[in-house]
Amino acid sequence: MAALCVLATVDANGWPQARTLVLRDLGLRLALFMSATSPKFSELSSGSALHRASICLYLPSIQVQYRAHVDLEPVEASLIAESWQLRPRMPKVLDWFYTQRQRQSSEVSSRANLLQALQSLPLPEPLVAPETARGFYLELHDLERLDLAQPDGLHDRVRWARSAGGWKLSTLLP
Ligand SMILES: Cc1cc2nc3c(=O)[nH]c(=O)nc-3n(C[C@H](O)[C@H](O)[C@H](O)COP(=O)(O)O)c2cc1C
């Protein structure tokens, strides 16, 4: 579970939207990878403006939840291209399908028809990342940690908030 998070955004109609994503560890920074054709991408960026989002992860083995508000910063195209090569073949083909045929999360007639369309999709040779493969670094605005594993039964809840003078730690009522 340490490699996953739930990303929450708000869509154009004001609906909260949440989905599981791989939380990538890029050196000292955390990042999310996605297709620019996806609804979540539009919920995170419009034109060159980047919006804010929230992530949540729960680590069941140690009973700890982390929540954070995050600002976003685009991951360099060269790094995306390099790590895209490590994807299994089907996600690679899908990324090209999103780019050439239909946006991610749009409706298809059936899974069987989709499989057929994917098999006949013309692909570049060599198979490189499409321009729609994107990533965002997560710049933490604040981070909250809730630790349930306390011998006295009182959960331990703290928040670090970024301020001009550095990080400020507060204890919260669990
Ligand atoms: C374990 C798991 C990991 C996932 N990782 C990613 C990911 O790293 N990037 C991604 O775009 N979608 C990932 N997904 C799929 C998303 O949850 C989601 O279904 C998809 O991106 C479409 O989201 P959207 O319609 O809100 O844009 C993952 C799903 C699961 C269950």
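Helix H3 (89-100) contributes four residues to the lining of the largest pocket, the most of any element. The model is predicted: local features need pLDDT of at least 70, side-chain atom pairs count only at pLDDT 80 or more, and totals for chains, interfaces and linings use all residues. Residues are numbered from 1 along each chain as its sequence is written, and side-chain values use heavy atoms, with hydrogens and water left out. Helices (H or I, at least four residues) and strands (E, at least two) are DSSP runs, numbered from the N terminus.

The largest pocket holds about 330 Å³ of space. Its lining comprises 19 residues, and Arg24, Phe33, Met34, Ser35 and Arg87 lie closest to the centre. A pocket is defined on a 1 Å grid over the protein atoms alone, as an open set of points where a 1.4 Å probe fits, with protein on both sides within 12 Å along at least five of seven lines; lining residues have an atom within 4 Å of a point. Grid points are joined across faces, edges and corners, and the volume is the space filled by probe spheres set on the points. Strands E2 (16-22), E4 (29-35) and E9 (133-147) each supply at least two lining residues, as do helices H2 (77-84) and H3. By class, the lining has 10 nonpolar, four polar and five charged residues. Here Ala, Val, Leu, Ile, Met, Phe, Trp, Tyr, Cys and Pro count as nonpolar, Asp, Glu, Lys and Arg as charged, and the others, Gly among them, as polar.

The chain has four helices and 11 strands. Its C-alpha atoms fill a box of roughly 60 × 35 × 35 Å along the principal axes. Of the 174 residues, 32% are buried. Buried means under 20% relative accessible area, exposed over 50%, and partly exposed in between (1.4 Å probe, protein chains only).

The whole structure contains 10 salt bridges, each a side-chain nitrogen of Lys or Arg within 4 Å of a carboxyl oxygen of Asp or Glu. Arg29 pairs with Glu139, with the closest N and O atoms 2.5 Å apart. This pair links E4 to E9 across 110 residues. Arg29 is partly exposed, because its relative accessibility is 28%. Glu139 is also partly exposed, at 27%. Glu139 forms a further salt bridge with Arg162, at 3.9 Å. Shared partners join Arg29, Glu73, Glu139 and Arg162 into one network. Elsewhere, Arg87 and Asp95 meet in a salt bridge (3.4 Å, N to O). Asp95 is buried, because its relative accessibility is 6%, whereas Arg87 is partly exposed at 28%.

Most residues other than glycine have a negative phi, and most peptide bonds are trans. Glu125 and Pro126 are joined by a cis peptide bond, with omega about 0°. Pro126 lies in the loop between helix H4 (111-119) and E9. Gln63 has a positive phi of about 55°. Gln63 sits in the loop between strands E7 (53-59) and E8 (64-74), and is partly exposed at 35% relative accessible area. Ser105 likewise has a positive phi, near 80°. Ser105 belongs to the loop between H3 and H4, and is exposed at 60%.
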